[in-house]
Amino acid sequence: MITLHLSKFFLVTTASATLALAPSVQAHSSIQTPTAPSQPEQQTQAPPPRPVKRSPLRFALPRREYLCAAGARVVILLETNAARVTLNDRIFNMKPVEPVTASTTKYAEGSVVWSSTGEDGFLVDNADPGHPQMLADQCHLQSSFPAAAATDNSIKGSASFGQHPELPADAVLIVQLRDLTHDADDPAAVLAEERFPLSGRKSPVSFALRYDPAKITAKAPFGVSASITGHGKLLFVLVKTVTLPDLANPAPVRLALSRATINKGKTPPVPEAPPH
């Protein structure tokens, strides 16, 4: 009897425990693990392009921009003893070949030469001295940093010297302001002079002749003379000096040079001052 009662006790106890655990198990099984709300898939975007970093020194350098014939553009960055010359998409790192002044500059990289006087310049390749290749001609200053000084006290004009002359690579146009009260061979007659390299340039050529107003007297008549030399020879000359009626406000002058004559194949002397 005792054994029977114990068996019933264990059966009842086990059944009660099972019934007691069943709701908790059922409740536990009904609990779902929370999941993160679904988010739309984001497309990976490329990072924005980084701005090109430019050296502040580049913007501090003197800069000149020229517009040339046929729409060509020449941009020059000037350093202390160098110049970076850009022609459209071609870049030349040049060095000065002559002393640079306020009105004239001349730089070169190999056979390529940039030459300018005042607001005008040109770029030429002298690889073949007999036939220089003009890379950019009739270039005129469009903008500059710092701003270019005003071109006061200057005489502007153009010089023509034939339609298709064969000029040597060292050809130079010499333009002078002269005091016509002096003789042609008197050094005091020359009040101002500018030299313009012509290698590969075509006629006509523009120029700006600057002068020192301190050398000017109000009573003297003035005139402009010109010549072209090359290979130690006088190639072209202005036969008659062009008189300036008003030096204080001169109008642009046009100089028509004539080919110099050679007597019996002899080289004529190059005059210090062209005749007037």
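User: How many cavities of 30 Å³ or more does a search of the whole structure find?

Analyst: Here's the general idea: rolling a probe the size of a water molecule over the atoms shows where empty space is left. Keep in mind that this is a predicted model. In this case, the search of the whole structure turns up one cavity of 30 Å³ or more. The space in the largest cavity comes to about 70 Å³.

User: Which residues line the largest cavity?

Analyst: The lining is made of Ser115, Ser116, Thr117, Asp120, Gly121, Phe122, Phe196, Pro197, Arg201, Ser206 and Phe207. To place them on the fold, look at β6 (112–117), β7 (120–125), β11 (190–197) and β12 (205–210), each of which gives at least two residues to that lining.

User: What is Arg201 in contact with, leaving aside neighbours within four places in sequence?

Analyst: With those neighbours set aside, Arg201 contacts Phe122, Met134, Asp137 and Phe161. Phe122 is also on the list of residues lining the largest cavity.

User: Let's move on to pockets. How much space lies in the second largest pocket, and which residues lie nearest its centre?

Analyst: The second largest pocket holds about 300 Å³ of space. Its lining has 21 residues, with Glu98, Lys106, Ser115, Arg195 and Pro197 nearest the centre. β5 (104–109), β6, β7 and β11 are the elements that contribute two or more residues to this lining, and β6 has the largest share, with four. By class, the pocket lining has 10 nonpolar, seven polar and four charged residues.

User: How do I read a nonpolar core, and which residues have the most contacts inside the largest one here?

Analyst: The general idea is that in soluble globular proteins, nonpolar side chains tend to be buried together. Here, the largest nonpolar core has 29 residues, and Ile155, Leu173, Val175, Leu177, Ile228, Leu255 and Leu257 have the most contacts inside it. Two or more residues of this core come from each of β9 (154–160), β10 (172–179), β11, β12, β13 (222–230), β14 (233–237) and β16 (253–256). β13 gives the largest share, four residues.

User: What does Ile228 touch, apart from neighbours within four places in sequence?

Analyst: Ile228 is in contact with Phe161, Ala171, Val172, Leu173, Leu198, Lys233, Leu234, Leu235, Phe236 and Leu257. There's also a second, separate core of 19 residues, with Cys68, Leu78, Leu87 and Ala136 among them.

User: Speaking of cysteines, how many disulfides does the structure hold, and which residues does a disulfide join?

Analyst: In general, a disulfide is a covalent bond between the sulfur atoms of two cysteines. This structure has one. The bond runs from Cys68 to Cys139, with an S to S distance of 2.1 Å. The link is right-handed, with 105° about the S-S bond. Cys68 sits in the loop between β1 (63–67) and β2 (73–78) and Cys139 in strand β8 (residues 133–145), so the pair ties together parts 71 residues apart in sequence.

User: Are these two cysteines buried or exposed?

Analyst: Cys68 counts as buried because its relative accessibility is 6%. Cys139 is buried too, with a relative accessible area of 1%.

How values were computed: Residues are numbered from 1 along each chain as its sequence is written. This is a predicted model: local features need pLDDT of at least 70, side-chain atom pairs count only at pLDDT 80 or more; totals for chains, interfaces and linings use all residues. Side-chain values use heavy atoms; hydrogens and water are left out. On a 1 Å grid over the protein atoms alone, a cavity is a set of points where a 1.4 Å probe fits but cannot get out, and a pocket is an open set with protein on both sides within 12 Å along at least five of seven lines; lining residues have an atom within 4 Å of a point. Grid points are joined across faces, edges and corners, and a volume is the space filled by probe spheres set on the points. Contact means heavy atoms within 4.5 Å. A nonpolar core is a set of buried Ala, Val, Leu, Ile, Met, Phe, Trp, Tyr and Cys residues joined through side-chain atoms within 4.5 Å. Buried means under 20% relative accessible area, exposed over 50%, partly exposed in between (1.4 Å probe, protein chains only). A disulfide is a pair of cysteine sulfur atoms within 2.5 Å. Ala, Val, Leu, Ile, Met, Phe, Trp, Tyr, Cys and Pro count as nonpolar, Asp, Glu, Lys and Arg as charged, and the others, Gly among them, as polar.
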